Amino acid sequence: LFINDLKARESRLDKEKKLSPRAINARITAWKTFSHWLCRTERMRSDPFISLAKLNEQVDRRRIRRALSEDEIGRLLAAAEAGPVAFGLSGRERRVLYQVALGTGLRAAELASLTPASFDVSDLDNASVTLRAQDSKHRKADTLPIRRELAEAVGVFIWGKPADQPLFALP
């Protein structure tokens with residue numbers, strides 16, 4: 001019933017406003033989780049969604065992820081540095097934040113947890129960033145090597161900052 005309603009709604013809307021297969025699958029997952037809970041807690045006798053299959057998301061990809069090109073990275077960093085203060089970060093701070101994000105692959109919460117003490121830039125050829133276990137998504141401490149160019153940029157940026165204070169004032 002629910003999926004038929006979604007499909008009927010889809011047929012009435014323009015292509016740009018249709019729900020993607022991924023969005024429909026997210027709703028299917030939510031309904032299946034809810035009905036499973038209802039059965040597990042004995043609020044329902046049987047699960048009506050148990051045989052409901054998800055749609056093939058590969059058929060209609062709305063947004064295909066890809067890596068940024070070197071040119072795009074250069075333009076992003078230049079725009080960040082030239083930009084005004086945004087979200088409490090100056091252009092220079094945003095540039096370094098983006099460089100660290102691109103150079104390490106850390107998530108937003110992991111980036112927010114970084115302090116100057118997280119970086120070991122004493123030897124630029126063997127520089128690294130260490131993430132504490134409580135700040136990591138998988139709850140294990142990680143030490144990630146960083147490239148020389150990133151180590152140089154971070155070394156200049158962290159100079160004179162308190163070692164135990166967050167490096168970026170992320171909202």
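Buried means under 20% relative accessible area, exposed means over 50%, and partly exposed lies in between (1.4 Å probe, protein chains only). Glutamate 152 is partly exposed, with a relative accessible area of 38%.

Before going further, a word on the model. It is predicted, so local features need pLDDT of at least 70 and side-chain atom pairs count only at pLDDT 80 or more, while totals for chains, interfaces and linings use all residues. Residues are numbered from 1 along each chain as its sequence is written, and side-chain values use heavy atoms, with hydrogens and water left out.

**Salt bridges**

A salt bridge here is a side-chain nitrogen of Lys or Arg within 4 Å of a carboxyl oxygen of Asp or Glu. Searching the whole structure turns up 7 of them. Here are some, including their N to O distances:

| Salt bridge | N to O distance |
|---|---|
| Arginine 75 and aspartate 71 | 3.5 Å |
| Glutamate 149 and arginine 147 | 3.2 Å |
| Glutamate 152 and arginine 148 | 3.3 Å |

Helices (H or I, at least four residues) and strands (E, at least two) are DSSP runs, numbered from the N terminus. Arginine 75 and aspartate 71 sit 4 residues apart in helix 3 (residues 70-82), about one turn of the helix, and both are exposed. In the next pair, arginine 147 is exposed at 63% relative accessible area, whereas glutamate 149 is partly exposed at 47%.

What separates glutamate 152 and arginine 148 in helix 6 (residues 148-158)? About one helical turn, as they are 4 residues apart. Arginine 148 is partly exposed, at 37% relative accessibility.

**A positive patch**

Over on the surface, Arg22, Arg61, Arg63 and Arg65 gather in a patch of positive charge. Patch residues have over 30% relative accessible area and no salt bridge; like charges are joined within 9 Å, and nonpolar side chains (Val, Leu, Ile, Met, Phe, Trp, Tyr) within 5 Å. Arginine 22 belongs to helix 2 (residues 21-40) and is exposed, at 58% relative accessibility.

**The sheet**

Finally, the strands. Two strands pair if DSSP finds at least two bridges between them. An open sheet is built from 3 strands in the order 1-2-3, with antiparallel pairing. Strand 1 (119-120) and strand 3 (142-145) are the edge strands, each pairing on one side only. Strand 2 (residues 128-131) is joined to strand 3 by 4 bridges, and the two run antiparallel. Serine 128 stands opposite proline 145 in strand 3.

Definitions and conventions
Accessible areas come from the Shrake-Rupley method with a 1.4 Å probe; for residues, only the protein chains shown count as cover. Lys and Arg count as positive and Asp and Glu as negative; His and the chain ends are not counted. The place of a charge is taken as NZ of Lys, CZ of Arg, CG of Asp or CD of Glu.
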